[in-house]
Amino acid sequence: MAVILGIESSCDETSASICIDGEIRSNIIASQAIHAKYGGVVPELASRAHQQNIIPTVDQAIQQAKITKNDIDAVAFTRGPGLLGSLLVGTSFAKAFALARQLPLIEVNHMQAHILAHFIDEPKPDFPFLCLTVSGGHTQIVLVKDYFDMELLGETLDDAAGEAFDKTAKILNLPYPGGPLIDKHAQLGNRLAFQLPEPQIPDLNFSFSGLKTAILYMVQGKLKENPDFLKDNIDDICASVQYRIVTILLNKLKQAAKQTGVKDIAIAGGVSANSGLRQALMEMGERHAWRVFIPKFEYCTDNAAMIAIAGYHKFRRGDFVGQDVAPLARMHV
Ligand code: KG4
Ligand code: ZN
């Protein structure tokens, strides 16, 4: 039997999870509400909140899994990418826990873990599969050849998809994080109400900064005609913005599927919680006879279950790190 404690602290969620023989038994997430009033994650406040939350979160994960500390066989933690001060809290905790209990230590790449969340529940994708990983910091198309053998086929040249949502929300005076709110309004609006440009980027890379500027100019122009433009049209604006972001993402994914011939297609990361993206991907999958994999909501945004499952697959390989390991703000898939 293998009992893995997973720790995630790369951004603004402190999370702990217990995985027993590949099965997730708990996944506790302490979110940090403090950042909302600043309109984005404040790194120093995030580290302090991690420091406060980490031990209660781990205790709760152990309790909910109905095990004791003595049952744990290894500790897996997010090494990066992420905010260094946040990563340091999870890394230091994991190292101390492993040292005190003489357990093997497992480093996990956060972006790989988002993808490996697809190995928590059935049905699981077959290798090789394609994964569109879309979060607040990343937008990538990854060819997943094996658990830890991943090839980056394309990525954003500027903003990430989650940033495109969050920055647009700021323009629309919606509070942070704006992605889920745009999603909510979009469900009530007409996605063809406002025409927004699709950037012409060759290959499988993305760009979202032009879209952000187009939205800003469109809103500024309309506000001159009608000071209540935002209030009167918020649902239609959100639907149009979401539609454009989703088509940018899925057109590239379609191109990647065509280029590789791969038909197992997955999405991962915080933006994969977006209802428009989930719906459009399912429809596109039917048209192209793909097998489509969409994570459960709780495994889309940052969570330690994905770290624990990645840790489990490294544990099986005996892939451990020493106590001299340090977190990395930047890490490639
Ligand atoms: O993966 P994640 O939780 O954290 C990072 O590693 O970045 O992703 C967070 C991002 C934020 O930009 C948030 O606005 C976005 O995911 N997000 C959404 C939705 N839920 C979360 N974007 C659009 N629609 C959603 N429903
Ligand atoms: Zn993430």
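Predicted model: local features only at pLDDT ≥ 70, side-chain atom pairs only at ≥ 80, totals over all residues.
**Entry 1: salt bridges**

I looked up the salt bridges and got 15 in the structure. I began with Arg291 and Asp264, whose closest N and O atoms are 2.8 Å apart. Arg291 sits in strand β10 and Asp264 in strand β9, so this pair ties together parts that are 27 residues apart in sequence. Are the two partners buried or exposed? Asp264 has a relative accessible area of 10%, so I call it buried. Arg291 comes out at 37%, so I put it down as partly exposed. I also found one network, in which salt bridges with shared partners join Asp159, Glu163, Lys167 and Lys212.

Next I checked Glu107, which pairs with Lys314 at 3.5 Å between the closest N and O atoms. Glu107 belongs to strand β5 and Lys314 to helix α9, so the pair links parts 207 residues apart in sequence. Glu107 is at 16% relative accessibility, so it counts as buried. Lys314 is buried too, with 8%.

Then came Glu151 and Lys145, whose side chains meet in a salt bridge at 3.0 Å, N to O. Glu151 is partly exposed at 35%, and Lys145 is partly exposed at 37%.

**Entry 2: the zinc ion**

Which residues hold the zinc ion (ligand 2)? I found His110 (NE2), His114 (NE2) and Asp302 (OD), at 2.0 to 2.2 Å. Along the chain these donors follow the spacing H-x3-H-x187-D. His114 lies in helix α3 and Asp302 in the loop between β10 and α9, so the pair ties together parts that are 188 residues apart in sequence. I noted that His114 and Asp302 are both buried.

**Entry 3: strand β6**

I went through β6 (residues 129-134) and found 6 of its 6 residues buried. Phe129, Cys131 and Thr133 point one way, while Leu130, Leu132 and Val134 point the other way. β6 runs antiparallel to β7, with 6 bridges between them, and a hairpin of 4 residues connects the two. With β9 the pairing is parallel, over 4 bridges. I looked up Leu130 in particular: it stands opposite Leu143 in β7 and opposite Ile265 in β9.

**Entry 4: helix α2**

I tested the length of α2 (residues 84-101). At 1.5 Å a residue, its 18 residues should span 26 Å, and the end C-alpha atoms are 25 Å apart, so that agrees. Its buried residues include Leu87, Phe93 and Phe97. Among the elements covering the buried residues of α2 are β1 and α1. Gln102 follows the helix, with a positive phi near 55°.

Conventions: Residues numbered from 1 in each chain as written. Chains lettered and ligands numbered in written order. Heavy atoms only, no water. Donors = N, O, S within 2.8 Å, 3.2 Å for Na, K, Ca; no water. Buried < 20%, exposed > 50% of the residue type's maximum accessible area, 1.4 Å probe, protein only. Expected span 1.5 Å × (residues − 1). Contact = heavy atoms within 4.5 Å. Pairing = 2+ DSSP bridges. Salt bridge = Lys/Arg side-chain N within 4 Å of Asp/Glu carboxyl O.
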